[in-house]
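Please find below a note on the structure under review.

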Amino acid sequence: GTLTTFVDIPVFGITYALGQDFITAPETVVYMFNEVTQNGDENSVVTVGSHLDSVDAGPGINDNGSGSSANLQMALQFESEVQNVNKVRFLWYGAEEEGLLGSTFYVSSLNETEKAKIALNLNFDMLGSPNYIRGILNGTDSDMYGSQVIMETFEDFFNMNGLTYDIIPFTGRSDYGPYLDAGIPAGGVETGAELIKDEEGRTKFGGMANTPYDPCYHQACDTIDNVNTEVLLQTAQSAAYALQKFATTNNLRQTLSNK
């Protein structure tokens, strides 16, 4: 096809032959990263990650177009808006739905010196569920105090803005897992997947009880109409708040170590 009208949306494509190469190479794992900061302490790196893939059954606009688009918007605005003292690395992973393959590959590709330079990981996965909760990953589930600092940072944002939230467990189901396994503090926010909202959750967050947080989770109906844009804005703003805090904190390692 030929584009007849130019728009301000990046577009790319691949050839049929390249697509066939991908199909015949199932072990190929793709991740992308962009280190947008030219300055900042390279021994104190803040990584910000989200997965780009969806399941075969659907387009994956909430899971995880919501997290990846928030990550992209932060990357686009970062240098002009934030006076960072720590280096920031934005990452987008492939094959999360196949078992965290992209993030696992990325973390395992780093040598011990490179891993030691990463101060923390922020992960954003499913930020706009239609029957949402505002969930903060429970940093006290981790044996690293830095994960608790990340949790408390998101709590601060929601408290300052008068927004209810739940503390939810680290389940290992998203791309923060490989960082925790490597001894790197991690955290983030989520708005819920296939679990059922109960009456207490309905009272706290609104929506419908006895209904999944995302009724279209891993289904063909996970389209743009499946995203709650109000909660997406709130969770994206919490992500930007946390990123700015950690990017601009002097002596970040000390803040994360409770010493």
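1. Is cysteine 216 buried or exposed? Cysteine 216 counts as buried because its relative accessibility is 12%; buried means under 20% relative accessible area, exposed means over 50%, and partly exposed lies in between, with a 1.4 Å probe and protein chains only.

2. Some remarks on the basis of this note are in order. This is a predicted model, in which local features need pLDDT of at least 70 and side-chain atom pairs count only at pLDDT 80 or more, while totals for chains, interfaces and linings use all residues. Residues are numbered from 1 along each chain as its sequence is written, and side-chain values use heavy atoms, with hydrogens and water left out.

3. On the chain as a whole, the secondary structure comprises 9 helices and 9 strands; these are DSSP runs numbered from the N terminus, helices being H or I of at least four residues and strands E of at least two. Of the 259 residues in the protein chain, 48% are buried. The accessible surface amounts to about 13,200 Å², and carbon and sulfur atoms account for 53% of that surface; the areas come from the Shrake-Rupley method with a 1.4 Å probe, and for residues only the protein chains shown count as cover. Among contacts (heavy atoms within 4.5 Å) between residues at least 6 apart in sequence, 80% join residues at least 24 apart.

4. To return to cysteine 216, its partner in a disulfide is cysteine 221, and their sulfur atoms lie 2.1 Å apart; a disulfide is a pair of cysteine sulfur atoms within 2.5 Å. The structure holds 1 disulfide. The link is left-handed, with -115 degrees about the S-S bond. Cysteine 221 counts as partly exposed because its relative accessibility is 34%.

5. Where does glutamate 96 lie? Glutamate 96 is in the loop between β3 (86-93) and α3 (101-109). Glutamate 96 is buried yet has no salt bridge, and the nearest side chain of opposite charge, arginine 173, is 7.2 Å away. A salt bridge requires a side-chain nitrogen of Lys or Arg within 4 Å of a carboxyl oxygen of Asp or Glu; for charge, Lys and Arg count as positive and Asp and Glu as negative, whereas His and the chain ends are not counted. Leaving aside residues up to four places away in sequence, glutamate 96 touches His51, Asp53, Leu101, Asp125, Arg173, Ser174 and Asp175.

6. The loop between β3 and α3 also holds alanine 95 and leucine 100. Alanine 95 has a positive phi of about 60 degrees although it is not a glycine, and leucine 100 likewise has a positive phi of about 60 degrees without being a glycine. Alanine 95 is buried, its relative accessible area being 17%; leucine 100 counts as buried at 13% relative accessibility.

7. Valine 55 belongs to the loop between β2 (41-51) and α2 (61-81), and counts as buried because its relative accessibility is 18%. Valine 55 touches Glu97 and His218, not counting residues up to four places away in sequence. Valine 55 and glutamine 219 are 164 residues apart in sequence, yet their C-alpha atoms are 8.1 Å apart in space.

8. Which form does the peptide bond from aspartate 63 to asparagine 64 take? The bond is cis, with omega near 10 degrees. Asparagine 64 is placed in helix α2.
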